Amino acid sequence: MSGKMREGEREKGRKRTKGKATEEGREKRFILGRIFSMTLKSSGIYGVLAPLYYLAEGLFPAAETVLYAEFFDRAAAWVLGSGEAAARLSGSGEAAARLSESGGKISGLLGGGEAAARLWLCVGLLAGLYLVRSVLAITGSIAINIGVYEKLSAFLKEKLAEKCSRLPLLAFEDAKVHNQCLRAEECVKQEQISGAYMLSIVLFSCLLGVTASGTVLASYSLLIVPLAGISVLPHFVRVRVLGKAFYQMQKEQTVSRRKADYFWQTLTMPGSVRELRMTGASGYMEEKWAAENGRVQKELDHYRRREARYASWCAALQTAGTGISIGLTVYLAVQGQISIGELGACISAYSRLQDKVREFLAESGKLQEKLRFAEDYFSFMALAEEKDGETRLGHFPEEIRLENLSFRYPGGAYPAVDEVNLTIRKGESLVIVGENGSGKTTLTRLIAGLYPPEKGQVLWEGKRLQEIRREDAARWISMIDQRFIRYLLTLRENVGISFVEKMGDDRRIRQSLKEAGLESLKEELDDVVGKLFGGRDFSGGQWQRIAIARGLFRPGELFLLDEPTSALDPVLEAEILQKFLQVLKEKTCIIVSHRVGLCRYADRVVVMKKGKIKEVGSHEELYARKGEYWKIYNSQSQWYQQADVTEL
Amino acid sequence: MFRSILWLFKIILSHEKKYACLEMVLMLVAGVLAPASVLLLSQLIDAAAKGGLWVYPLILYIGTLFVREGILALRRFCGARVLYALGTKLPEEIIHRFDRLPHRFFEESGSRDVLEQVAGKPSAQLYELYQNIGLILSDAASAAGYLFVVGQVHWLLSAGYLFFLLFNMGMSFRAMRGMADLYDAQTGSERRMDYLGGLLSDRDALAELKTFQAVPYLVGLWRETADKVIRQRLEGTGRAQAAYGAAYGAGILWMGLLAAVMVELLTAGRLGIGTFISVLNGAASLTGLAGTLSGYGSTVSRRLSLVNQYRLFAEFKEAAGGFELPGSCSLSGIVFADVSFAYPGSSRKVLDHLCFQVRPGETLALVGENGAGKSTVLKLLCRLYEPTEGKIFLDGRDIRSFSRGELGRRMGVAFQDFFRYSLTVRENVALGNLDLLGDEKALERALLGAKAEEFQECLDVPLGKLEEDGRDFSGGQWQRLAVARALFGEKPYIILDEPTAAIDPAAESGMYEAFRQSLKGRTGIVVSHRLASAAFSDRILVLEHGQAAELGTHQELLAKKGIYAHMWQVQSRWYEKGDGEG
C-alpha cells in the first residue's frame, strides 16, 4: 500500500513539473548547490581536498601520454641515431631548453652522452609524476572517506534525527509523512548525498580527462579523436536502453518479487516453519514460492542474456574503433606523419580515452537518481515543525477541562474522539474503559497535548494547552504506555530517562524499581539491557515493569497510565495495580484499562464508545444504572461469578 | 580458507557443472591474452619503426583484442546460465533442508544466526564469490605472463616484478583487512547509532520521550557514539593509508627499476625499440594488477564466511522420521510419562519428571506462572524438541513413532505467536488440512468454533499487504483465524496456546463459549493466563517449577485452597465486591 502511494506521489510530481522542464533543471542545480554548500560546511578542508585530487586525476592521463611520447621518441632517436628526433625535441622552446639544461647536469654525472641523459631525465620525470599521484591519492582517499562520507553522513543523520523529534507527533500518523521520512532515511543510509557530491566531481574529472587526452591526441592527428569517441557511443545507447528495460522489468516484477520473498520467508522463519510442519502445508507453500520465483528468475535470466548480448556487440564495436584507430596511427607513423614515440603513447591512450568516455556516460545516468534521493531528503527537512506555545504556567492546574473535544487521525473516516466534555480535578483518579478502538488512548494523548485537537479544546486552568509552553506543561506529566519502549541502553537509563536530571541518583532509581516489583533484579544499574547490545534479555512482563518504574521515577503530577499491566500475569497485575493506587494516591491519575475490576478503586469511571463518552461516574453509580458499564462489567465477571455460584 | 573455496566450488558445480567450468577456463585464457598482446605490440612497433611489413603484425595485434572481447562475451553468457541455475535450484535445496531441520536449530542462538544468513538467499553472493575467485585466477595468469615477458628482457625485471607484486599485495591486503576489521569492530557502535536514530523517529518512542523531555538526552547519546566512530575511522584510515603509501612506494620503485633497466639495455644496444615501447606501455596494467588482485583477495577472504555459514548449515543434522512400534499400548489420550526436559546447553530442568494424562474427550486447562513450563509442554507435544527423559504417548503410541504428517493430521495447534499468512481467508484456515480446501462445510464449522463466523462472507478475500486489494485484519481477527486453522479438519486433538491473548476482553466470554462447543468430543489442551478460561475446561493442571502441582476440576482445586485457589482469588477479587454491591 505504501508503495502504491509513493508511486502516486511520484506521478503527481512528474505531472506538476512536466510543463516546466527549465524550472526543474534550475531546481536540480539548486539541489547540487545545496549539497556542495552542506559538504563544505560539515567536512571543512576535507571537502576541498577531495575534489582537488579528482582534478589532478583527470589531468593525469594526458600528462602520462605526453611524457611517454617524449620518452619513447628519445629512445627511438637513440636507437635510430637519426638527428631528426633530437632536432624536433630541442626545437620546442623554453621547456626543452630547461630539459636539456638539467639533462646536461645528469649527463655530466653519468658521464654519458646528452641523448642518454635525456632518457634518464624522462625516467626521473615519470617517477616524479607517479610520486605526485601517489601522494595525492593518499590525501584524496583520506579526504573522501573521512570528510565526505563519514562527516557528511554523520551530519545528515544527526540533522534528520533532530528533525524527526521536532515534527508534531501527529505527523507520524500521516502515511505520507511516514513515507517521506522513510525515503529521507533511505537517502542518508545509502549515502546518496555524499555520493552525489563525489559523483558530480568524478563526472567533472572525467570531462576534464577526456578533453585533455583528446587535445593531446588531436595534436598528433585530428582523425583519431572522433574515431575513438564514436566507437564508444553504442555503450551510451546500451546504458540508456538497458537501463530503461531493467527499470521496466523491476517495476513489473515488484508484485511477483514481493510474493516470492514473502513465501520464502514463511518457509524459512522459525514461527511459520514450525506451524507449516505441524499442518504439513510446507509443500503447498513451496509450490507457491517456486511459481513466483521461477517467473522472476526466468525474466532475470532473459534480461541478463540480453544484456550480455548488448555488451558483447558494444565491446566489438569499441574494439573495432580501437583497431581502426591503431591501424590509422601505425599508417601515419609509417608515412612519417607522427613519430614512433607518439605511436607508442597513442596506443594506450586510446583505451584510456574510451574508458573515460564510457565511465562518464555510465555514471552520468546515476547522478539523476542520486539527486532524486537528495530531493527527498531536502523536502523532508522542509516539513513544518511543531510550534511551541508561549503562555507560561508555573504550577500544576487545579483542573483540566475538555470542551467539545474532537479529534480525527489523518485520513481517518471517523473521529477517534468525538465531542468530549470532561473535567478532571487535581488529585482524582479516573479509569477509562471501553472496547478496543473506542478512543481511550487517543483521549489520554490529547490530555497530554501530544496531539492537537481538531475541534474544541483542552484547557489547563482555563489556558489552551496548545498555547502553553511545552516545557511548562510536560514537566507535570508522566506516562506509562501500553506500547512502552524497551530502551536497549543501561538499566539506569531505562528508568532514569523519564527524569534525566536525577538519573545519577542510585537510591531513587532502586526505589522506583522496587515500586514496580523489580527489587530482585540482579543487574547492576549500569549494565546494558537487551540482546542486541550483548545484555540480558527480559521477558515481556519484566520489560513492562521497567516501563512502570520509569513512569514512577518522574516526579509528575498527572499520570497517564495506558494499559500499564497488559503483559503481566494476573497475580502480579493485581499486586502492581494496587501499588499504583497507593503510590499515586495524591496524584492525578488517568488509567486506561481492560481490567474493569479496577474501577471499584478509582474515584470516577469514564465509559467510552466510538469516540464518545457514554457514561461518567463512580463504580457504584454506574453499576446501579445498568447501562453500558454494567454490561462490560458483567461480561468480564461472568465466569468468576458462575464458578462462585456453582461452588456455593 | 582453502577448504572453504573447495566447498564453494562444490556447491556451485553441483548446480551447474558445464557452464561454471567453462567460465573458469575462459577467465584463465582471457588473463593470458593480456601479456601476449605486449609481445605482439612489440613486433608491430618494430615493423612500423623499420618501415617493414607492418600489416600482418597489425592484424595479429587487433585480432587478439577481438579474441579477448569474444572470450569475455562468452563468459557473460556462461555467467547468466550459472546465475539462473543458482537462483532456482539452490534456494529450493535450502527450503527442503529448512523443512527437515529439528526445531532446536531455530531457537539456539548460534545456529539461528547461521539460519538467518542462509535464509538471506545467498545465490547471488555465492556466485559473486565464485566470480571473484575466477578473476583472481585470471589476474594471476596475467601476472605470470608478464613475469615471463619482462624476464625475456632481463632476469632482474622478473625478480623485481615478483617482489613488487608480493609486497604490494601484502600491503594493500593489510590495509583493506584493517579497514574491514575496523568496520566489523564498529558494527556495535553503528547498530547503536541506528537504534538511537530509530528511537528518535519512532512514533511511540517519541510520545514517551517528548513527555519525559528526554529528546536532547538521546540526541546527546547519539552524538557521543558518532564522534567515537569517526575518531576511530580517522585513525583506522590513517593506518590503512600508511600501508597503501608503502604499496605505492614499492610501485614507484618498480616503475623506476623497469624504466632504468630498459634505458640501460637500450643505450647498451641490447634492446629493440619495439620491446622498449610495448613493455613500458604495458607497465601501467602490470602495476595495476597488484591492486586489483589484492582487492579481489580481500573481498574473497571476507565473504568466505558466508560459505562457512552455508557449510555449517549443510552439516546440521536433520530430524529423524517416525518409526513403527511393535504392538500398541493401552495409554489413550495424551500421556506425559515421567517427562523431563532441559533446553540444549542449559542444565536447568524446565520440566521435572512431569506426569499427567489428558483422557480422551476431555479438555485440560494448563495454568501456571510465567516460566512454569506451560509452553514447553506444548513444544514437546508438537515434537519441536525431544524430552531429555521420559516418554510422551498420543493415542496409545509413543509420539516418536508418528511421522510428521501423521502427527499433523491428528493434532491441530494454535500457537500463541501464530503466523499471519498473507493468503486468502480460505487458505489461512485450510492450511490445517489442505485436502479439504474446497470443503465449505468444514470451513464453516472451523470458523464457527473460533467465533469467526463473519469471515465466511469473505472466504476468498486475500489478507495482508501482498495483494493490492488485500485486507488487513486486527490482532484479534488474526488470532481467531489461527484458532480456526487448528480446529479445521476434525482432528481429534486440539492444542490452544493463549487463544484469547489478542482478543478484546469484552468478546472473550463469547470465545470461551464457542470453544466449549467445538471441543466437545475432542481431546484438548488449553493454556491461558486468564483463569476464566480454566472454568470451561473439564480439568485443570497447575504447573509449578516444571512439575504437576495440582490437578483436578475447578471445584476440586478451589476446595483444595492451594495455588490455583489463590490465583483464582486474586483474579476474581476485582469482581467479588462489585457483584455484591450491584
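Which ring does the charged end of Arg34(A) sit over? In this predicted model, the ring belongs to Phe378(A), and the charged end of Arg34(A) lies 4.2 Å from its centre. Chain A has another arrangement of this kind to look at: the charged end of Arg508(A) sits over the ring of Phe553(A), with 5.2 Å to the ring centre.

Now for rings meeting rings. Counting over all chains, the structure holds 36 aromatic pairs. Take Tyr409(A) and Tyr451(A), which pair edge-to-face, with 5.7 Å centre to centre and 85° between the planes. This pair ties together distant parts of the chain, since the two residues are 42 residues apart. Tyr409(A) is in the loop between β1 (399-407) and β2 (417-425) of chain A, while Tyr451(A) is in the loop between α14 (440-447) and β4 (455-460). Tyr409(A) has a relative accessible area of 23%, so it is partly exposed.

Over in chain B, Phe341(B) and Tyr343(B) make an aromatic pair that is also edge-to-face, at 4.9 Å centre to centre with 80° between the planes.

Finally, have a look at a spot where rings from chains A and B come together. Tyr68(A), Phe71(A), Phe72(A) and Phe276(B) are linked into a cluster by ring pairs.

Notes: Residues numbered from 1 in each chain as written. Chains lettered and ligands numbered in written order. Predicted model: local features only at pLDDT ≥ 70, side-chain atom pairs only at ≥ 80, totals over all residues. Heavy atoms only, no water. Phe/Tyr/Trp six-rings, centres within 6.5 Å; stacked < 30°, edge-to-face > 60°. Helix = DSSP H or I, 4+ residues; strand = E, 2+ residues; numbered from the N terminus. Buried < 20%, exposed > 50% of the residue type's maximum accessible area, 1.4 Å probe, protein only. Lys NZ or Arg CZ within 6 Å of the ring centre and 35° of its normal.
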